[in-house]
Amino acid sequence: MEQERMFDAETAASLASDPAQRVEKLRREIEHHTYCYYALDAPEISDAAFDSLMAELRALEAAHPELVTPSSPTQRVGGYVGEQFSAVHHARRMYSLDNAMDLDELDAWTQRIVEAVGSAVEFVCELKIDGSSIALTYDAGTLSKAATRGDGVTGEDVTVNMRTVRDVPLRLRDEGVAGLSDADGSVEVRGEVYMPKASFEALNAAAVANEKAPFANPRNAAAGSLRQKDPAVTKNRDLSTFVYAIADEASVKARTQWELLSWLRASGFHVNPDVKLCVTPADVRAFCESVADKRAVLPYEIDGVVVKVNSFATQRELGFTAKAPRWAIAYKFPPEEKTTVLRAISVQVGRTGAVTPVAELDPVRVAGSTVARATLHNLDEVHRKDVRVGDTVIVRKAGDVIPEVLGPVLSLRPEGAQSWRMPESCPSCSSPLVREEGEAAFRCVSMDCPAQALERLLHWASRGAMDIDGMGEEIVARLVESGRVRDVVDYYTLTDYELATLDMGRVNKEGEPIHLGGTLAAKLIAAIEASKARPLARVLFGLGIRHVGKTVAEQLAAAFPRMELLMQADEEQLASVDGVGSVIAQSVRAFFSNEDNRDVVHRLERMGVRMEDDAADDAAPQTLAGVTFVLTGSLVESGMTRDEAGARLKAMGAKVSSSVSKKTGYVVAGEAAGSKYDKAVSLGVPVLSEADLLRLLAAGSLEEAGIEAPSR
Ligand code: AMP
């Protein structure tokens with residue numbers, strides 16, 4: 001702040017006899033130091049000196065607004081994204097990569113390449129940065145556009161936000177311009193935008209402190225931060241980039257990947273230093289092995305090594321498949337495994353009474369997050385794995401997300417460790433646990449079990465069900481313990497005052513009990529009120545009927561748009577509904593035959609919870625009737641889950657299926673679309689991008705979205 005004051009507009013103006021020249025000089029100086037700091041990690045001046053240069057530039061620009069240009073370092077935040085990011089059609093497709101899942105597959109690939117080329121081949125090995133792909137276009141050396149990968153063909157325009165990322169040069173350095181085939185032409189470079197591990201953890205800690213949902217991993221955090229409506233938020237998120245590719249190699253003089261990396265560096269981009277030019281497949285393998293050892297100490301997440309054929313001419317000869325270049329492969333690391341001590345096996349009671357053993361572990365970091373608990377599924381699984389309390393166990397993350405206990409390290413088993421036994425009674429209500437014939441799970445069958453009640457209440461309030469925002473585990477637990485809430489109907493009888501004075505079971509510094517407070521109480525009351533208008537399918541799902549998941553609930557609600565009709569339906573009628581078999585039909589029948597359950601439904605209705613869908617009134621026009629969609633990959637651009645997107649398509653009359661066949665109308669392929677995409681291509685099923693999907697949802701019909709009608 002001190003520095004800023006030193007350079008008010010007047011002083012700065014009087015200092016510069018030729019302001020235009022001074023402004024240009026300052027910008028070059030600032031760009032140079034930004035480059036040293038962010039791209040080279042080797043600052044040449046102090047932060048204070050840098051701030052002072054910025055302050056002078058800002059002051060001069062304030063005095064001479066006509067000198068401000070979009071590429072000035074002062075313009076890293078400006079503008080607003082507006083309601084939606086506009087679509088960007090990639091002139092050259094942004095491909096994904098084929099994978100080698102282990103070193104043998106990698107060797108097989110390098111050998112194949114060497115054989116195909118018929119002479120010695122050089123390879124470039126680079127780290128596979130686990131972030132979000134980005135394409136940066138420079139016109140005549142100035143950043144003009146930044147776009148996400150999207151589905152590879154169409155991405156989103158995130159220019160305003162990417163300008164805030166400090167290691168992205170707003171102008172290419174002179175050496176970079178000199179390396180262009182046409183200095184006034186356009187060049188598109190590609191790389192990865194990522195969030196360092198430490199920033200990711202700080203962001204998640206702040207999210208948790210503010211009772212917001214944390215990001216699952218740094219990759220999602222980077223993608224989410226890039227898609228902020230307000231670029232000032234992106235600016236505060238500590239994003240960085242590593243740039244490693246070019247859309248069209250004809251736009252630079254470089255003739256190999258190795259030369260390209262030098263050019264990128266010289267142009268001012270942040271290029272990862274861990275790269276290696278390899279002349280034999282054995283070198284490639286050795287590099288991959290060495291990186292696996294180093295992974296844990298890198299300050300950012302990587303999920304493998306990308307191996308590329310060095311020569312552009314050879315790359316051209318090898319070409320592309322539909323999805324990926326033939327001249328590159330991603331060697332993926334095996335899932336990270338760690339050892340830790342199994343301190344206890346606790347049991348958790350679910351809302352249907354199923355009792356699940358849970359491993360309580362000494363906290364250990366695995367693949368980017370701390371693991372302290374992992375489900376052991378059921379008693380058979382505990383015995384099959386033969387894990388015992390006190391054992392040192394091997395933990396990994398399945399699909400790098402869900403923690404899993406693989407098994408014990410037998411040589412470290414403490415003497416006398418006992419095989420685990422399921423408790424005989426429920427840890428919550430002490431009723432005896434039972435195991436039904438042919439079932440893996442033990443259950444607490446008591447109707448009065450508080451643990452089950454808690455889970456049922458949480459399920460009712462959860463996002464996929466009635467979505468009572470803010471009704472989380474701690475509050476529900478307090479409401480249950482205080483005896484104020486026993487079943488879901490009780491939510492709707494809560495008053496503002498009761499919630500505001502709810503004792504949270506904690507004390508403040510002065511030793512006084514903490515209450516929920518008026519602000520949160522008012523929010524909760526509003527959320528409870530809003531939940532009364534949810535569609536019937538949500539109510540059905542929220543009731544927690546066994547075997548009735550979200551999809552089945554939607555099918556049932558479509559067939560029986562009033563609760564009363566559903567409650568009266570017999571097993572045969574129920575089983576005739578698409579997607580409902582005899583097991584589900586029996587379960588629904590059993591649920592509504594129970595007097596207590598019917599009573600809950602009637603009391604909810606009296607409280608004002610809607611028990612019907614007025615399909616005729618507000619249904620969207622059924623323009624997609626008879627058309628089947630299959631969704632694959634993640635819809636990173638809109639942030640919708642596949643379920644949400646599916647529900648919106650269904651609301652327009654479409655059918656949503658999980659497998660691709662000749663009868664499929666369209667496959668919607670999001671990011672990282674997998675085998676369903678391949679199947680669609682091989683069967684000739686038209687593939688829609690996420691951008692197409694969004695257009696379709698907004699336009700309301702295929703015709704208006706400009707999408708060709710399906711041939712099937
Ligand atoms: P995948 O999404 O698993 O098919 O992997 C392909 C993606 O890896 C690309 O779209 C890039 O976003 C990303 N990637 C990360 N690092 C690199 C790299 N050094 N070279 C090429 N792609 C990379």
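Let me begin with the residue classes, in which Ala, Val, Leu, Ile, Met, Phe, Trp, Tyr, Cys and Pro count as nonpolar, Asp, Glu, Lys and Arg as charged, and the others, Gly among them, as polar. What we have here is a predicted model, in which local features need pLDDT of at least 70 and side-chain atom pairs count only at pLDDT 80 or more, while totals for chains, interfaces and linings use all residues. Residues are numbered from 1 along each chain as its sequence is written, and side-chain values use heavy atoms, with hydrogens and water left out.

I will start with the second largest pocket, where a pocket, on a 1 Å grid over the protein atoms alone, is an open set of points where a 1.4 Å probe fits, with protein on both sides within 12 Å along at least five of seven lines, and where lining residues have an atom within 4 Å of a point. The second largest pocket holds about 1700 Å³ of space, a volume being the space filled by probe spheres set on the points. Of its 41 lining residues, Glu554, Gly646, Ala647, Lys650 and Ala651 are the closest to the centre. By class, the lining of this pocket divides into 17 charged, 15 nonpolar and nine polar residues. Which element gives the largest share of that lining? It is H27, with seven residues, helices being DSSP runs of H or I with at least four residues and strands runs of E with at least two, numbered from the N terminus.

Let us turn to the ligand. Among the 14 residues around the ligand, those that come nearest are Glu126, Ser133, Arg149, Glu192 and Lys308, a residue being near if one of its heavy atoms lies within 4 Å. As for polar contacts, which here are pairs of N or O atoms within 3.5 Å, a polar backbone atom of Leu127 is 3.1 Å from a nitrogen atom of the ligand. An oxygen atom of the ligand lies 3.1 Å from a polar side-chain atom of Lys128, and a polar side-chain atom of Lys332 lies 3.5 Å from an oxygen atom of the ligand. The protein covers 89% of the 500 Å² of accessible area that the ligand has on its own, by the Shrake-Rupley method with a 1.4 Å probe. Strands E3 (123-129) and E10 (302-309) each give two or more residues to the shell around the ligand, and E3 gives the most, with four residues.

Key
Polar contact = N/O pair within 3.5 Å; in protein donor to acceptor, adjacent residues only side chain to side chain.
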